[in-house]
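Please look over the sequence and the model below before reading on.

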Amino acid sequence: MEPKEKGYQNVNGIRMYYEIYGSGKPLVLIHGGGSSILFDFKEVIVRLESQFQLIGIDLQNHGMTDHRDVPETFEQDAHDVVALLRKIHIEKASFWGFSNGGNTVIQVGHLYPEIAEKIIVASAFYKRSGMIDGFFESMEEATLESMPEPLKINFLNLNPDFSKLENLFDKDSKRMQTFEDWDDTILTSVKANVLFISGDKDVMKPEHVVEMWRLVQESQLMILPATHGSYMMSDFEGNTDHNLINFTVSEVAKFLND
């Protein structure tokens with residue numbers, strides 16, 4: 001699995017890294033907190049590169065993209081994603097965001113309705129009460145030691161500067177610790193067709209995902225028997241449920257082609 005194109009674009013004051021696989025209608029892949037393109041989307045890319053032009057982007061402070069000495073926001077990530085797409089002459093695309101990337105693609109749909117054709121929001125949230133009990137309390141006490149080991153190894157493989165890993169962890173943690181509930185209008189303003197995906201044992205409550213689904217007109221909802229992301233990628237123990245991922249990806253392809 002080799003990208004057809006990869007490189008950097010200067011975007012909003014930083015160098016952002018991207019990779020392109022396959023050809024067809026563009027589908028932009030936005031990873032979650034602490035992660036990178038292939039860590040979250042390798043299984044998806046293998047299954048979809050024969051059907052779509054897949055554009056993976058490393059967000060600020062993540063993977064191969066440069067670091068900013070300012071707090072992370074989902075709005076800034078949305079601005080960065082759209083600016084990079086314009087640099088590579090993508091005027092309209094669908095988006096698949098996982099975890100924090102799901103929050104980012106909601107903001108793309110809210111802030112840039114003209115570019116978003118369809119949106120897959122996988123394992124995201126919009127209010128603090130939507131996360132499982134104890135989530136935000138555990139974020140207050142988070143240290144780099146508590147960051148999942150596979151994410152640390154992945155980052156250092158891409159970017160072997162430990163101080164940048166510390167910076168990533170600090171920025172990601174602070175974004176969660178200071179997260180303020182979004183107004184419902186951020187979701188009701190999204191005009192693109194949206195598919196919400198979550199696991200029944202995810203870090204956000206299933207009923208919260210249902211609440212998001214109800215706010216976006218004519219959106220679709222899929223809650224799967226899965227933990228956080230195990231419906232689209234390997235879990236942190238390295239287990240890969242290929243049948244479940246096949247199902248998820250086939251449903252996403254149907255949604256995109258409908």
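This is a predicted model: local features need pLDDT of at least 70, side-chain atom pairs count only at pLDDT 80 or more; totals for chains, interfaces and linings use all residues.

Residues are numbered from 1 along each chain as its sequence is written, and side-chain values use heavy atoms, with hydrogens and water left out.

Most residues other than glycine have a negative phi. Ser123, however, has a positive phi near 60°, and this residue lies in the loop between strand E6 (116-122) and helix H4 (135-140), where helices (H or I, at least four residues) and strands (E, at least two) are DSSP runs numbered from the N terminus. Glu218 also has a positive phi, of about 55°, and is found in the loop between helix H8 (206-215) and strand E8 (220-224). Ser123 is buried, with a relative accessible area of 1%, whereas Glu218 is exposed at 72%; buried means under 20% relative accessible area, exposed over 50% and partly exposed in between, with a 1.4 Å probe and protein chains only.

The structure holds nine aromatic pairs, counted where ring centres of Phe, Tyr and Trp (its six-membered ring) lie within 6.5 Å, with planes under 30 degrees apart called stacked, over 60 edge-to-face and the rest tilted. One of them is the tilted pair of Phe39 and Phe236, at 6.4 Å centre to centre and 35° between the planes. Ring pairs also link Phe74, Phe125, Phe135, Phe136, Phe179 and Trp182 into a cluster.
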